[in-house]
Amino acid sequence: MNGFLIIDKPYGLSSYDVLRRLNKKFSLKRRSIKFGHGGTLDPLATGVLVVALGRATRMLQFFLSDTKSYRATICIGAQTTTDDAEGDIIRTAPYEHIDIEAIRSALADFRGKIWQTPPDYSAVHVDGARAYEVMRNGGHVEIDPKLVEIYDIDVVSYRTRPGQMPELVVDITCSGGTYIRSIARDLGKKLHSAASLRSLVRTRSCDISIDRAKSLDQICACDDIESMLIEPCEIFRSTPCLIVTPDDIDRLFKGKHVHFPFPPRTADVELYRVQMEDPGTIYAFVKLSQKMEITRMSPDGG
């Protein structure tokens, strides 16, 4: 068994809850089938969750670090303990001075590489424990900022209603590991107000958009999970391909030098899949630096 499931994660379930339900339905552990997901979504978030089974789990690293897109709904005027709707309100602030131009100006500061402090209630490890575990036990955490990249962040709508806090909807494309809750929290500060995430939909992970996703109920209603799997070559079809010979493949898995016919560079670091003319099997992935040096090679094992 080797392939991917593209799931539209339902509201209220953690990413691990999804794996647990799949395991219960299809007896994955009992059948010694490896499985995992390509990027955590909070229980209150929905959208694209990539699940890998079998040898495809080796490829999940490329989803964890790759570009992701979201549609975020942000409440302006209130900050919560968790920086989203799950937490208790700890601070309210004026918002009447905020208009759409002020929002666009503030969002411009988020584009590019930025230092971001994850939420206190997050899965970040602090002194050997998850930050959210420390907080739930009445402790206090100091989390170091991390470098992330925001490729694009645009206003979809800004809704104001008498007697209610404004609601901002934005589309965000960012590097893996970015906390959208932190963007909401920090945007509130930039607007000299407060803000928290109200809802979140992951619309794209790597090159996989939400219109390709199936609901968890749809997948669990099927008795044969293999019939639902998407082949790795289909998932990575937009990843540049290096065509090699059978002899190259043999040398690759013996740890010997292989000369890869790299195409012209188009980015600072780029991922390539290694295949023969037969498009049915990905034999390896390589990542290159700008100097055309291999920074990582991950054999799939064919």
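1. Ile103 is found in helix 3, which spans residues 100-108. The model under review is a predicted one. With a relative accessible area of 0%, Ile103 is buried. Val155 is 52 residues away from Ile103 in sequence, yet the two C-alpha atoms are 8.2 Å apart in space.

2. The structure holds one aromatic pair. Its members are Phe4 and Phe236, arranged edge-to-face, with 6.1 Å from centre to centre and 70 degrees between the planes. Phe4 belongs to strand 1 (residues 2-9), while Phe236 sits in the loop between helix 7 (232-235) and strand 15 (241-243), so the pair ties together parts that are 232 residues apart in sequence. Both of these phenylalanines, Phe4 and Phe236, are buried.

3. Lys25 lies over the face of Phe26, at 5.9 Å from the ring centre. In the other case, the ring of Phe110 has the charged end of Lys190 over it, 5.7 Å from the centre of the ring.

4. How many cavities of 30 Å³ or more does a search of the whole structure find? The search returns one. The volume of the largest cavity is about 80 Å³. Its lining consists of Asp42, Leu44, Ala45, Asp84, Ala85, Arg181, Leu197, Arg198, Ser199 and Leu200. Strand 12 (residues 195-205) gives the most to this lining, with four residues. Sorted by class, the residues lining the largest cavity are five nonpolar, one polar and four charged.

5. The lining comprises 31 residues, of which Thr40, Leu41, Asp42, Ala123 and Arg181 are the closest to the pocket centre. Two or more lining residues come from each of helix 1 (15-26), strand 4 (68-76), helix 4 (131-136), helix 5 (180-190) and strand 12. Strand 12 gives the most to the lining of the largest pocket, with three residues. By class, the pocket lining has 12 nonpolar, 10 polar and nine charged residues. A reader tracing both spaces will meet Asp42 and Arg181 in the lining of the largest cavity and again among the residues closest to the centre of the largest pocket.

6. Which residues of helix 5 are buried? They are Ile180, Arg181, Ser182, Ile183, Ala184, Arg185, Asp186, Leu187 and Gly188. Because nine of the 11 residues of helix 5 are buried, this helix is largely enclosed by the rest of the structure.

7. The residue His192 deserves a separate comment. His192 is found in the loop between helix 5 and strand 12, and just after helix 5 it takes a positive phi of about 55 degrees. Most residues other than glycine have a negative phi. At 67% relative accessibility, His192 counts as exposed.

8. A second residue of this kind is Cys206. Its phi is near 60 degrees, again a positive value in a residue other than glycine. Cys206 is placed in the loop between strand 12 and strand 13 (208-209). Is Cys206 buried or exposed? With a relative accessible area of 13%, Cys206 is buried, because the cut-off for that class is under 20%. His192, by contrast, is exposed.

9. In helix 8 (residues 246-253), Asp248, Ile249 and Leu252 are buried. These three cover an arc of only 100 degrees around the axis, which puts them on the same side of helix 8. An α-helix has 3.6 residues a turn, so residues three or four places apart point the same way. Just after helix 8, Gly255 takes a positive phi of about 75 degrees.

10. Phe35 lies 23 residues from Arg58 along the chain, and their C-alpha atoms are separated by 9.8 Å.

Conventions:
Residues numbered from 1 in each chain as written. Predicted model: local features only at pLDDT ≥ 70, side-chain atom pairs only at ≥ 80, totals over all residues. Heavy atoms only, no water. Phe/Tyr/Trp six-rings, centres within 6.5 Å; stacked < 30°, edge-to-face > 60°. Buried < 20%, exposed > 50% of the residue type's maximum accessible area, 1.4 Å probe, protein only. Lys NZ or Arg CZ within 6 Å of the ring centre and 35° of its normal. 1 Å grid on protein atoms, 1.4 Å probe; cavity = no way out; pocket = protein on both sides within 12 Å on 5 of 7 lines; lining within 4 Å. Points joined across faces, edges and corners; volume = space filled by probe spheres on them. Nonpolar A, V, L, I, M, F, W, Y, C, P; charged D, E, K, R; others polar. Arc of directions from axis to C-beta.
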